[in-house]
Amino acid sequence: KSGYVSLTGRPNVGKSTLLNNILGEKVAIVSPKPQTTRNRIVGVKTLPDAQIVFIDTPGIHKPKHKLGEIMVKEARGSVSEVDIILFMVEPEEPGRGDKFIIDILKDIKKPVFLLINKIDTVSKPHVLPIIDAYSRLYPFKEIIPVSALTGDGIDILIKNIINYL
Ligand code: GDP
Ligand code: MG
């Protein structure tokens, strides 16, 4: 099995941390060569039963200026060409920036997993209402609490990705 997975979310939610954790040392880091602005391949995770290509997207945010608009366009493009989209959020109620991204995801008919990151900073009961709130906004295929920092939930994430490939 093999496929492409893109990681998106507001700046600072932990996308790079997650990629570093997943890819670890057994990774062929593909240098982000100045290619056709489509997408930036970050790395390939090779497992006994699957090969997963992770694509980093420029953080999607509400454009405040022309450059922002261009970056958002690029991000939209890169998420539309993958098998699975990982949408990463803070362990908080959805905010305006998150809803802005969800609106973009609604136009793209791809399976989206919600990753609630930084669960090392909150208690379990705290996460339940967040899962609830996000479920009302979008039909996520999977909702997976993770900690990109400690690695918590990453094995479950990888299993679920392989299931969808
Ligand atoms: P990005 O902008 O989405 O790529 O976010 P980064 O990966 O650069 O992370 C932003 C900040 O959040 C950094 O200070 C990270 O150390 C921190 N961070 C990322 N993941 C976690 C996590 O799971 N738990 C905690 N406590 N901090 C995290
Ligand atoms: Mg980053």
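Predicted model: local features only at pLDDT ≥ 70, side-chain atom pairs only at ≥ 80, totals over all residues.
Residues are numbered from 1 along each chain as its sequence is written, while chains are lettered from A and ligands numbered from 1 in the order in which they are written. Helices (H or I, at least four residues) and strands (E, at least two) are DSSP runs, numbered from the N terminus.

**Stop 1: ligand 1.** Show the 16 residues that surround ligand 1. A residue counts as near if its C-beta atom, placed from the backbone, lies within 6 Å of the molecule. The closest are Gly14, Lys15, Ser16, Thr17 and Leu149. Now colour by class: the shell has four nonpolar, nine polar and three charged residues. Here Ala, Val, Leu, Ile, Met, Phe, Trp, Tyr, Cys and Pro count as nonpolar, Asp, Glu, Lys and Arg as charged, and the others, Gly among them, as polar.

**Stop 2: along H1.** Pick Lys15, Leu18, Leu19 and Ile22, which are buried in H1 (20 or more other C-beta atoms within 10 Å of the residue's own, with C-beta atoms placed from the backbone). They cover an arc of only 100° around the axis, so they lie on the same side of H1. That arc is taken from the directions from the helix axis to the C-beta atoms. Just after H1, click Gly24: its phi is positive, about 50°.

**Stop 3: strand E5.** Select residues 84–89. Six of the six residues of E5 are buried, so the strand is largely enclosed by the rest of the structure. Which residues point one way from E5, and which the other way? Ile84, Leu86 and Met88 point one way; Ile85, Phe87 and Val89 point the other way.

**Stop 4: the neighbours of E5.** Strands pair if DSSP finds at least two bridges between them. Find Ser6; its bridge partner in E5 is Ile85. Met88 stands opposite Leu115 in E6.

Conventions: Buried ≥ 20, exposed ≤ 12 C-beta atoms within 10 Å, placed from the backbone.
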